Amino acid sequence: MSFKSDFPILKNKIRDYPITYLDSAASTQKPQAVINSITEFYQNSYENVHRGMNTLSIKATDTFERARENVRSFINANSTNEVIFTAGATDSINKIAQCLPQLLNEGDKIVITELEHHSNYLPWLQIAKKFQFDIEIVGVNENGNINEQDIVNACDDSTKFLALTHMSNVTGQIIDIKKIKENISKDILIAVDGCQSIAHINIDVQDLDCDFYSFSSHKLYGPSGIGVMFGKEILLEKLEPPSLGGGMINNVSLDGFTYAMLPNKFEAGTPPIEAVAGMNAAIEYLNRLNFSHYFEEEKKLRLTLINHFQNMDEIEFYGFHQDINASSIVSFNVKNKNYNDISTFLDQFGIMIRGGHHCCQPFMKKLQIPGSCRVSFGIYNDLNDIDLLVDALSKTIKLLQ
Ligand SMILES: Cc1ncc(COP(=O)(O)O)c(C=O)c1O
């Protein structure tokens with residue numbers, strides 16, 4: 001089962017080969033429903049939101065707020081006041097980091113891991129340096145996996161904030177946030193980078209009991225330029241927003257201003273309205289598909305590829321262990337070959353993977369590699385794609401011998 005036919009770009013050919021798209025961890029392709037929704041929105045409903053009383057503005061605002069309710073329900077937030085539209089996960093995480101000095105005091109500790117994407121790494125490093133928070137980076141083990149108990153152990157009395165990826169964009173490892181939360185002090189706030197997990201795990205922010213959860217729409221079959229920062233209402237209520245401007249105030253005078261209610265307080269300026277409409281269409285499309293049924297398929301695809309790799313002497317792959325919960329991503333290298341060369345050769349066969357450090361340089365350094373090839377699956381992939389990849393990879397290895 002795959003949903004390839006819903007994605008028009010995958011009907012194209014590259015050099016007479018059908019496109020085999022295996023780079024969904026970087027960005028997912030868009031179904032026709034999302035593409036149509038943006039055209040339809042521009043043709044029939046476009047106007048700025050929240051500002052006007054004309055018919056188009058009311059229509060656009062209605063779509064915009066319907067999207068917020070759909071996101072709320074998708075991640076099971078308690079209220080739409082907890083769903084803040086941002087420019088993407090990076091923007092969400094930076095917003096949270098900018099708010100951190102309101103929540104922590106000098107000497108308080110932030111815990112992160114060596115697995116983190118630079119977007120869930122640099123904002124914490126910078127804010128910690130600026131405000132003299134301590135920072136502890138929990139290392140991965142020799143397999144390239146994080147041991148959840150190591151994260152729990154790092155949470156001592158001075159720890160006030162934990163920033164964790166929910167799913168590694170290098171190895172696909174899924175971190176059990178709920179279990180970690182249950183084993184640490186209730187006073188520690190948890191910010192989850194859900195950039196990868198949002199498309200591969202059922203997300204229930206209430207069940208996870210996280211304080212913040214960030215993701216980008218472009219990894220969830222929606223448009224780029226739009227993402228979400230979920231925050232518990234009790235926290236967002238008391239935080240001052242990091243960006244100021246139009247749309248987020250209640251009253252402005254020459255000597256001051258008051259904030260609008262949530263969620264508007266955190267949404268300064270004109271948002272990417274058409275991208276919100278597209279994200280809404282992506283969520284409605286995924287709900288129609290009941291796409292969580294596909295999650296087990298993605299795990300099977302990952303294991304099938306790893307089984308192939310285990311039989312290929314030239315391949316070394318990272319972060320695999322049978323006891324580790326993981327999905328949809330496999331990183332590997334062909335021994336003594338450059339990952340960019342491999343990616344470029346595979347592209348000659350219409351196969352699109354990623355080569356690079358995946359914005360995880362500390363993790364790459366730990367693995368003692370400059371980078372890797374990365375294969376990542378989405379709802380349009382099936383076993384045939386793995387056959388095509390393995391066949392093209394075998395030919396590439398022969399060619400490069
Ligand atoms: C785990 C993780 N976090 C954060 C990001 C940043 O996402 P964006 O570039 O959409 O802001 C990515 C993107 O690859 C990611 O994989």
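Colleague: Which residue in β10 does F85 stand opposite?

Modeller: Strands of a sheet pair through backbone hydrogen bonds, either parallel or antiparallel. Here F85 stands opposite V228 in β10, and this belongs to the antiparallel pairing of strand β4 (residues 83–86) with β10, which are joined by 4 bridges. Two strands count as paired if DSSP finds at least two bridges between them, and the elements themselves are DSSP runs numbered from the N terminus, helices being H or I of at least four residues and strands E of at least two. This is a predicted model, in which local features need pLDDT of at least 70 and side-chain atom pairs count only at pLDDT 80 or more, whereas totals for chains, interfaces and linings use all residues. Residues are numbered from 1 along each chain as its sequence is written.

Colleague: Which other strand is joined to β10 by 5 bridges?

Modeller: That strand is β9 (residues 212–216), which runs antiparallel to β10, and within this pairing F212 has G231 as its bridge partner.

Colleague: Are the faces of β10 covered or open?

Modeller: Both faces are covered, with G227, M229 and G231 buried on one side and V228 and F230 buried on the other. A residue is called buried if 20 or more other C-beta atoms, placed from the backbone, lie within 10 Å of its own, exposed if 12 or fewer do, and partly exposed in between.

Colleague: In what order do the 4 strands of the open sheet stand?

Modeller: The order is β13-β14-β17-β16, with antiparallel pairing. β13 (315–318) and β16 (354–356) each have a single partner strand, so one side of each is left without a neighbour in the sheet. From one strand to the next the twist averages 35 degrees, where angles run from 0 to 180 degrees between N-to-C directions and axes are lines fitted to C-alpha atoms, for helices over the stretch in contact.

Colleague: Which strands does α10 touch as it packs on the sheet?

Modeller: α10 touches β13, β14 and β17, and its direction makes about 20 degrees with that of β14. Helix α11 (residues 339–348) also packs on the sheet, touching β14, β16 and β17, and makes about 160 degrees with the direction of β16. Contact means that the C-beta atoms of two residues, placed from the backbone, lie within 7 Å.

Colleague: How many residues of domain 1 are in contact with domain 2?

Modeller: 28 residues of domain 1 are in contact with 31 of domain 2. On the domain 1 side, the elements giving two or more residues are α10 (295–310), β14 (329–334) and α12 (361–367), and α12 gives the most, with 4 residues.
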